[in-house]
Amino acid sequence: MDEMVEHVANYKIFSTIDLRSAYHQIPIREEDKPYTAIEAGRRLYQFRRIPFGVTNGVACFQRVMDNIISDENLKDTFVYVDNVTVCGKNREEHDANLDRFLNIARKCNLALNYDKCVFSAKSIDLLGYTIADGAIKPDPERLRPLRELPPPHDLQSLRRVIGMFAYYAKWILQYSEKIHPLVHCKNFPLDTAVLNAFNNLKDDISNSVVLSINSTVPIMVETDASDHAIAATLNQSGRPVAFFSRTPSGSEQRHSAREKEAYAIVEALRKWRHYLLGKHFTLVTDQRSVAFMFDGKNNGKIKNDKIMRWRIDLSCYSYDIVYRPGRDNPAADTFSRVHCSATSVRALQDLHVSLCHPGVTRMAHFVRRQN
């Protein structure tokens, strides 16, 4: 992956092309179809094309695309699974390479998802990096949840933030001195000195983030979910590589606590699939039942249809899943809870209306229970 990024950085003009329902474009040999059989409505069905979630589907699709690039002698064209990057040192060279690829795509019956394609760009985001003018930088999206983490607003959220900073303490120079104002803070909202300490520690963690994944170092993905957010961190040897946090949609917020924790895992692995495909990694969750359900050794014991579909999505990854209580998983726990508990006045007003204008006591009880 790093080698591909370095090659792409040598060019000036880029187009990124997304293939529609990529695996479904690859037919299965007749003698292999029985291995894909599924039962539905008291009948047996076989897949005619590669389904998503098959363990070797990634390698098979990558091999097919590599063979197309090689056999058709496509120049300055790079493929990572279903994402194709066409490059050029100048506009003319790029346009010629792009026309050549599009012609070959039509010849090979490859369907493109034009809604996700970007043509003739001078800057692109590729596999966790931003490439422009020969420079390679970490994708800002990897650090966005950290940079947007709001300051703690009460003692409980302050403890979570201190726990997260302590988790990465060995990568922060003079950590004990820098954390001192936060540890001894008693008043909210934070005064200027404490707020500066909080922002400086966030900057220190941002600066310590690993620029690229080292394929020889084990990867750990830590996930967590709360009532209003799902979050995850990606680490190597205890050092941060990327952060992820987002607010679930209305229907997602109605999931059970167990399903929210499982969904946090699914979303994190989808987000970082380019880092995780083809590598064995450790997955950490603070939900014991989710650790059991996503453990590949427990086939046939899961009755939840939604969890079963998510297990199929995760079947192409190689991982060991570990249960760890939330108090021992401070980084992901902080992003899932501090983010959502820093509620704005407008949000509280909307909540008050949605609850049919409760009194002070009931309103305070509801907010405290949800956060």
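**View 1. Helix α5 passes helix α7 in a left-handed crossing.** In this predicted model, the axes of α5 (residues 155-167) and α7 (residues 192-208) come within 11 Å and cross at roughly 35°. On the α5 side, look for Val161, Met164 and Phe165; they meet Phe198, Leu201, Lys202 and Ile205 in α7. Sorted by class, that contact has six nonpolar residues, one charged residue and no polar ones.

**View 2. Strands β8 and β9 make a hairpin.** The two strands, residues 129-132 and residues 135-138, run antiparallel and are joined by four bridges. Two residues sit between the strands, and Asp133 in the turn has a positive phi of about 55°.

**View 3. The stretch that UniProt lists as "domain: Reverse transcriptase" covers residues 1-131.** The label comes from an unreviewed entry. Over these residues the chain is 30% helix and 25% strand, with the end C-alpha atoms 14 Å apart.

**View 4. Five strands line up as an open sheet in the order β12-β11-β10-β13-β14.** The pairing here is mixed. Out at the edges are β12 (239-246) and β14 (318-323), each with a single partner strand, so one side of each has no neighbour in the sheet. On average, neighbouring strands are turned by 20° against each other, ignoring direction.

**View 5. Strands β10 and β13 run parallel.** Zooming in on this pair, four bridges join β10 (residues 219-225) to β13 (residues 280-285). For a handy landmark, find Ile219: its bridge partner in β13 is Phe281.

Conventions. Residues are numbered from 1 along each chain as its sequence is written. This is a predicted model: local features need pLDDT of at least 70, side-chain atom pairs count only at pLDDT 80 or more; totals for chains, interfaces and linings use all residues. Side-chain values use heavy atoms; hydrogens and water are left out. Axes are lines fitted to C-alpha atoms, for helices over the stretch in contact, and angles run from 0 to 180 degrees between N-to-C directions. A crossing is left-handed if the near helix is turned anticlockwise from the far one by less than a right angle, and right-handed if clockwise. Contact means heavy atoms within 4.5 Å. Ala, Val, Leu, Ile, Met, Phe, Trp, Tyr, Cys and Pro count as nonpolar, Asp, Glu, Lys and Arg as charged, and the others, Gly among them, as polar. UniProt positions are given in the numbering used here, feature names are shortened, and annotations may be inferred rather than shown by experiment. Two strands pair if DSSP finds at least two bridges between them.
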